[in-house]
Amino acid sequence: MAIVNRRRYKRLHAALRRAAAKEKPALSEQNTTVAAPGLAETLWKGAKLTCPRCGEGKLFSSYLKRKDACDACGESFLGLDADDGPAWLTIGIVAHIVIPLLWLLERDGSLSYGTEFAILAAVTIGATLLTLPFAKGLFIAALWRIRRDGR
Ligand SMILES: [Zn+2]
């Protein structure tokens, strides 16, 4: 009885291993099958917060925390630290939204300074929080591309 169960277990285990191998190839096989993307595609993948190499794995484990490696293709993200680049880009983008809005509010002149301040502060904070992860993804993708090309 125990021998039959052991054989059945081995067959089931082998079938499960074959099924798992069909679903997802080994990490080393995946690395060789992913074609190198072009610059625009790389940046687009980063801006979408996905792996700049394969575009499938997520780039961040939380709001702005970069993962160490891609879950899909295994590409390492270690050393791809964007530092102040995303903040610089975010300030540039948000300023182009807030300054024209300030100009429009001042031109109209119907709102009090307190109301204008509340609107501008809300827009500034909201636009910053929305833009920052995408800017960081873009910078990490650019750094990944530079590292890949060895420049
Ligand atoms: Zn990947």
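You are looking at a predicted model, with five helices and zero strands. Its mean pLDDT is 84, and 76% of the residues reach 70 or more.

**Overall layout**

- Reading from the N terminus, the elements follow the order α-α-α-α-α.
- Of the contacts between residues at least 6 apart in sequence, 54% link residues at least 24 apart.

**Where to read with care**

- Over residues 23-30 pLDDT stays under 50, and the model has four contacts beyond four places in sequence for this stretch.
- Where pLDDT is low, the predicted coordinates should not be read in detail.

**The nonpolar core**

- The largest nonpolar core holds 12 residues, among them Cys 51, Cys 54, Leu 59, Cys 70, Phe 77 and Ala 82.
- Also in this core are Ala 135, Leu 138, Phe 139, Ile 140, Ala 141 and Trp 144.

- H3 spans residues 39-47, and its buried residues are Thr 42, Lys 45 and Gly 46.
- These three sit on the same side of H3, because they cover an arc of only 100° around the axis.
- The partner they pack against is helix H5 (113-149).
- Just after H3 comes Leu 49, which has a positive phi of about 65°.

**Ala 69, in the loop between H3 and H4**

- Ala 69 lies in the loop that runs between H3 and helix H4 (85-108).
- With 14 other C-beta atoms within 10 Å, Ala 69 is partly exposed, since the buried class needs 20 or more and the exposed class 12 or fewer.
- Not counting residues up to four places away in sequence, Ala 69 touches Gly 74, Glu 75, Ser 76 and Phe 77.
- Cys 51 is 18 residues from Ala 69 along the chain, and their C-alpha atoms are separated by 8.7 Å.

**Annotated segments**

- An unreviewed UniProt entry places the feature "transmembrane region" at residues 87-105 and 117-144.
- In the model, residues 87-105 are 100% helix and 0% strand, with 26 Å between the end C-alpha atoms.
- Residues 117-144 are likewise 100% helix and 0% strand, and here the end C-alpha atoms are 39 Å apart.

Key. Residues are numbered from 1 along each chain as its sequence is written. This is a predicted model: local features need pLDDT of at least 70, side-chain atom pairs count only at pLDDT 80 or more; totals for chains, interfaces and linings use all residues. A nonpolar core is a set of buried Ala, Val, Leu, Ile, Met, Phe, Trp, Tyr and Cys residues joined through C-beta atoms within 7 Å. Helices (H or I, at least four residues) and strands (E, at least two) are DSSP runs, numbered from the N terminus. Two residues are in contact if their C-beta atoms, placed from the backbone, lie within 7 Å. The arc is that of the directions from the helix axis to the C-beta atoms. pLDDT is the predictor's confidence in each residue, from 0 to 100. UniProt positions are given in the numbering used here, feature names are shortened, and annotations may be inferred rather than shown by experiment.
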